[in-house]
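Here are some notes to go with the model. Please read them with the structure open.

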Amino acid sequence: MRQAVKVTEDIWFLGSSDRRLSKFENCHPVPNGISYNSYLILDEKTVLLDTVDRSIVSVFLENLEFLLDGRPLDYLVINHMEPDHTATLRDVLIRHPETIVVGTAKAHTLLHQFFDINLQGKTMQVKENDTLSSGKHTLRFIMAPMVHWPEVMVSYDEREKLLFSADAFGSFGALNGNLFVDQIRYGDAEVAELRRYYSNIVGKYGMQVQALLNKAAGLEIEMICPLHGPIWRSPKKIQWLIETYSKWATYRPEDHEVVIFYASIYGGTENAAEILANALGERKVKNIRMYDVSVTDVSYLVGEAFRASHLVFASSSYNNDLFPEMERLFLDLKAHNLQNRTVALIENGSWAPAAGRKMNELLASMKNWKLLTDALTIRSCAKEEQREALLSLADLLAASIEEADMH
Ligand SMILES: Cc1cc2nc3c(=O)[nH]c(=O)nc-3n(C[C@H](O)[C@H](O)[C@H](O)COP(=O)(O)O)c2cc1C
Ligand SMILES: [Fe+2]
Ligand SMILES: [Fe+2]
């Protein structure tokens, strides 16, 4: 049965959520589910903006046919060709052979890579600032290449001052009846899912996100409709969202705080991490967070690294190398282009510690990472000497946080 709801006078939401999916992109856990958003403008002409993932195809098609109520679907705008938004595109076009498919040149290329389908005479290729009128509404297309994929554009509804933002401003998490951020108690947990989505999905493309933010700055925006997660509409929330995105896109931390990531087999490294954390607490460092990298999925760790200014990595050595989960974390942070962080390293090894050397090598290949001091070495378990060294490291970290707070 249909479940579509109104967004504005004549714009409808016809997406839905998947709460069964284990990993989004078969990669990132989504314990709170994920929504796939699609929007329909019912004007003199009808315009569908993006389709949805395969998992919600039935209700999506039911929503579409109910809302069209026998009218033709005049246009389908593809802001993003990734299958989480286009797996059901053919299902729509089979039912609506009349539809003109609107997208960038690259989107049309990708469409034909994903689908063996003949759209001759039924495509419209658009570029920067091209417009499409449906009657009362005019959509202006703004290119956003690599704000996830190369073919991405966003569509600005001039009448509603509404931005259909593709993956930008999207979030992990199902929608639970409240479509709008201002209807949700939007706290730390929700921000964390917004950040985890940003950092893992678009974090790598900070430059391109900045380019999109610069273009958006020239638009009056009263509503942002992303392809995942809730819709943004109150001016204060939109301002916060854009400011936060601008921090992430420039790889500036949100909080002058410490996150300790540790990898430990038998507890020696973990013990060192705890000693350090307690010493930081004693030095009035607030909101310290600790993660066992073997326990917490790396997508959460990436989100935390995008949030905090000071990162401590403590790792056992493993087969003359770094512990595998710790290496994965470093490779992910590097892949997502994270920059401008202050770092401290702790290595552990029982016969030939290798973790420190490996972490130093990885750090050297990352941009603007400041190592506070040489890696601290533990041999199996911390002794009094290492305890002293951990306290000194806590002094350095606490001073560095205080300095960051003053600027
Ligand atoms: C499979 C395996 C491989 C290891 N490889 C190394 C190594 O290459 N060099 C080294 O010094 N210690 C190595 N170790 C020892 C661990 O690094 C050591 O037990 C650990 O650092 C102690 O800290 P933990 O209690 O936090 O695990 C290895 C341990 C295991 C289980
Ligand atoms: Fe995407
Ligand atoms: Fe997406």
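1. In which helix is the place of His85? His85 sits in helix H2, residues 83–86. Helices are DSSP runs (H or I, at least four residues), numbered from the N terminus.

2. This is a predicted model, in which local features need pLDDT of at least 70, side-chain atom pairs count only at pLDDT 80 or more, and totals for chains, interfaces and linings use all residues. Residues are numbered from 1 along each chain as its sequence is written, chains are lettered from A and ligands numbered from 1 in the order in which they are written, and side-chain values use heavy atoms, with hydrogens and water left out.

3. His85 has a relative accessible area of 0%, so it is buried (under 20% relative accessible area, 1.4 Å probe, protein chains only). Not counting residues up to four places away in sequence, His85 touches Asp50, Thr51, Val52, His80, Asp167, Leu227 and His228; contact means heavy atoms within 4.5 Å.

4. Helix H9 is largely enclosed by the rest of the structure, because 9 of its 10 residues are buried. Among them are Ser299, Gly303, Glu304, Phe306 and Arg307.

5. The axes of H9 (residues 298–307) and H10 (residues 324–335) come within 10 Å and cross at roughly 55°. Axes are lines fitted to C-alpha atoms, for helices over the stretch in contact, with angles from 0 to 180 degrees between N-to-C directions.

6. Val298, Leu301, Val302 and Ala305 of H9 meet Arg328, Leu329, Asp332 and Leu333 of H10.

Technical notes
Helices (H or I, at least four residues) and strands (E, at least two) are DSSP runs, numbered from the N terminus. Buried means under 20% relative accessible area, exposed over 50%, partly exposed in between (1.4 Å probe, protein chains only).
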